[in-house]
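Please look through the structure below with its sequence at hand.

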Amino acid sequence: MLKSLYIKNYALIDELQLEFQNGLNIITGETGAGKSIMVDAFMIALGERASASLIRNNEKKAIVEATFDIDDLNFDDLSINDIEEVKELLEDSQDLVLRREINLKGNSRSFINDSLVAVNTLKEVGDRLVDFHGQHQHQQLLNSAYHLTALDATIGDDNKLKAYADEYKTYKSKIKALKDLEEKAKEAKITSDHYKFELEEIDKIAPHENELDEIEKKLEILENSEKIFSIVNELDFILNEADSSILNQLKHAEKLISQLVEYDATFSDFQAECNSAYISLKEISRYSSSFKANFDFESGEVEQLKSRYLELNGLKKKYSSYEEVFTRIDFLKTELSSYSNYDLQIDTLKAEILSHKRSLTELAIAISNIRKERAVEFENELTDKLKYLGMENAKFQIH
């Protein structure tokens, strides 16, 4: 209930304090007495538009303040973002004070219980407190968009209307989700084409892990083949072929040491060491011989390896390191696999939308039938009311 209205420096009003009582309060006066000005000021306190032109001449600021008793009001379903803040403002008070202050620049400040709030917050709270009914209010009946609302209001609580509203909200959200998903799929198509091209480029080269290192080692050997072959030959000659080869000398030394063991047991340790050295050198000889035997390579092999090395090294430079090439391959395959799921997701959403559309159609038909039944009852009820008001020949029909 509105308890009081305070207006200062607004239009023609210097200062006004109005107190209201329980029940019906009527303000009367001649044309031009200022009744409309008071109503306009009241609406500004509820969050309507305000401008500097409303400030009384020679004054710097206009103030309008409305005080309400809100003991029986509930604000739980307000949609404003700072509803918790508003609840805190009302927590310890049965009165609600809405105030607007307008300065000469046309700016205004809004307050709820002396706390500064956004004008939208003030307006939403104000809309919950006051209904305005003007002399042209009945014209809403001529607005066809209002007709179904009026008819539905006479049906009372009907679960189908709520079910339809909920279903429609879900239906619209699914359509939006489908549109967003199709946009993503469109963008993904462009990206996937790029990824496919990149992956195909890598696949043409077909790199293998550690291949670059292996080629580097092989090229180093092949490019220094003459020097290496010469060294291997000399090593083989020293170990095996010379009359005084190391292996022959070691074998002879071991034999001499074995004879000395008969005279001094200490030589048995040296005999073992000599035998161990012989075994190690024999292993070197065996590997050297194998290396030399397998050292043949086809003409042009160096050029082929160099060409392959340039391809692999190109990938290494492109992706910062050779190991990163294989990380990139895994990434591209994973991304391309995920993009293929878009078609499935889109088909699933389309099926869900179709299902919701069918449910909406069924609910709409049921609601339409309820409205048609209620329309006949409503016609009769309203016609009776019109007769009660003295309009005996009035007729009311809903098409």
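**The sheet and its helices**

In this predicted model, six strands form an open sheet in the order β2-β1-β3-β4-β5-β6, and their pairing is antiparallel. At the edges are β2 (13-19) and β6 (115-117), each of which pairs on one side only, and from one strand to the next the twist averages 15°.

At the β2 end of this order, strand β1 (residues 2-10) is joined to β2 over 6 bridges in the antiparallel sense, and within this pairing Tyr10 stands opposite Ile13 in β2. Helix α1 (residues 35-45) lies across β1, β2, β3 (61-69) and β4 (95-103), and its direction runs at about 105° to β1. Helix α3 (residues 119-129) also packs on the sheet, where it touches β3, β4, β5 (108-112) and β6, with a direction that makes about 135° with that of β4.

**A pair of helices**

Two packed helices are described by the angle between their axes and by the distance between those axes. For helix α5 (residues 159-205) and helix α11 (residues 322-339), the axes come within 10 Å and cross at roughly 145°, and the crossing in which α5 passes α11 is left-handed.

Which residues of α5 and α11 meet? From α5 come Ala188, Thr191, Ser192, Tyr195, Lys196, Glu198, Leu199 and Ile202, and they meet Val325, Arg328, Ile329, Phe331, Leu332, Lys333, Glu335, Leu336 and Tyr339 in α11.

Notes: Residues numbered from 1 in each chain as written. Predicted model: local features only at pLDDT ≥ 70, side-chain atom pairs only at ≥ 80, totals over all residues. Heavy atoms only, no water. Axes fitted to C-alpha atoms, helices over the stretch in contact; angles between N-to-C directions. Helix = DSSP H or I, 4+ residues; strand = E, 2+ residues; numbered from the N terminus. Left-handed = near helix turned anticlockwise from the far one by under 90°. Contact = heavy atoms within 4.5 Å. Pairing = 2+ DSSP bridges.
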